[in-house]
Amino acid sequence: MAVTPSMTGKYVLITGGTGGIGKAAAIGLAKLGARVGITGRDRARAERAAAEIAREAGNPAVDVFVADMSSQSEVRRLAADVLSAYPRLDVLLNNVGGFWAHRHATADGLERTFALNHLAPFLLTSLLLERLIASAPARIVTVSSGAQAMGKIDFDDLMGERTYSGQRAYNQSKLANVMFTYELARRLEGTGVSATALHPGITNTAFSAEDPARAFAPIVALMRPFMRSPERGADTAVYLASSPEVEGVTGRYFADRKVKASHKSSYDSATTARLWRVSAELVGLPAGASAAATATATA
């Protein structure tokens, strides 16, 4: 019989925790005893979500951090707030993400899908690495998608300036999540911090609500009754964040609690290293020989 893990005394940060998979994961980890911080763009909504998480989990230790993670300045402020509030960080769950049918530019002049889905977790993780390493054993879990299997990193047009497709931009960002995880795991060797990515399954959330693809609306409506609940969608994330079974497991992609193969290009170390260098340049960080070195340089 599987032993229920305890997260008592552990500090967890979940990005995008006001609804959907993030909120369900927050409830699951708070039930295990963790102190959970959630991020959201709107303070009132985030505080309502935190109260609901605390009530459902029977754990009052739920904190709110406010940031629009498509903005690099706000990601940096978020990291500073977390470092000020949390003396340790045992789990970082990079969950925030979205889909936009049309191209949108962020405050930094970057394409929103790539900026939010990939660059935001890349930057936040880098800024929190020193605290994660000091808290080791610690875990970094990043929510990707089965869409990574259809992705391609277009280094010649990362921002979709020449041609834009919402689905293509999303696929690219989700493949970037997996590549980031693999490269991060390599750079974290010997630190006691693991990095894993996951596909949550097709889950019934408010995903793409801000700018939906109208052509897909009838299909989504038909599929919705068959989609996973947020709780089921969050199951693998909670498992990777808490289970003793995956302690020390790193550089792997999971679905339904099992290791799965990801897109073949994600195993190309030259490509993952190139994506790391380009990402570091886009967020103004040193590429670094290792994640630990990057953490020290950005502290």
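Two strands count as paired when DSSP finds at least two bridges between them, and strands here are DSSP E runs of at least two residues, helices H or I runs of at least four, both numbered from the N terminus. This is a predicted model, where local features need pLDDT of at least 70 and side-chain atom pairs count only at pLDDT 80 or more, while totals for chains, interfaces and linings use all residues. Residues are numbered from 1 along each chain as its sequence is written, and side-chain values use heavy atoms, leaving out hydrogens and water.

Let's start with strand S6 (residues 193–199), which has a parallel partner in S5 and another in S7.

| Partner of S6 | Bridges | Opposite residues |
|---|---|---|
| S5 (residues 138–143) | 6 bridges | Ile-140 and Ala-195 |
| S7 (residues 252–255) | 4 bridges | Arg-252 and Thr-196 |

To get from S5 to S6, the chain goes through helix H5 (residues 166–187) in a right-handed β-α-β crossover (clockwise from the first strand over the helix to the second, with the strands pointing away from the viewer). S6 is mostly covered, with 6 of 7 residues buried, meaning under 20% relative accessible area with a 1.4 Å probe, protein chains only.

Now for a helix pair. H4 (residues 112–134) packs against H9 (residues 269–283) at about 90°, axes 10 Å apart, so the two are roughly perpendicular (65 to 115 degrees). Their contact (heavy atoms within 4.5 Å) includes Phe-114 and Phe-122 from H4 and Trp-276 and Leu-275 from H9. By class, the contact residues comprise 9 nonpolar, 2 polar and no charged; nonpolar covers Ala, Val, Leu, Ile, Met, Phe, Trp, Tyr, Cys and Pro, charged covers Asp, Glu, Lys and Arg, and the others, Gly among them, are polar.

How values were computed:
Buried < 20%, exposed > 50% of the residue type's maximum accessible area, 1.4 Å probe, protein only. Axes fitted to C-alpha atoms, helices over the stretch in contact; angles between N-to-C directions. Parallel < 35°, antiparallel > 145°, perpendicular 65-115°, else oblique.
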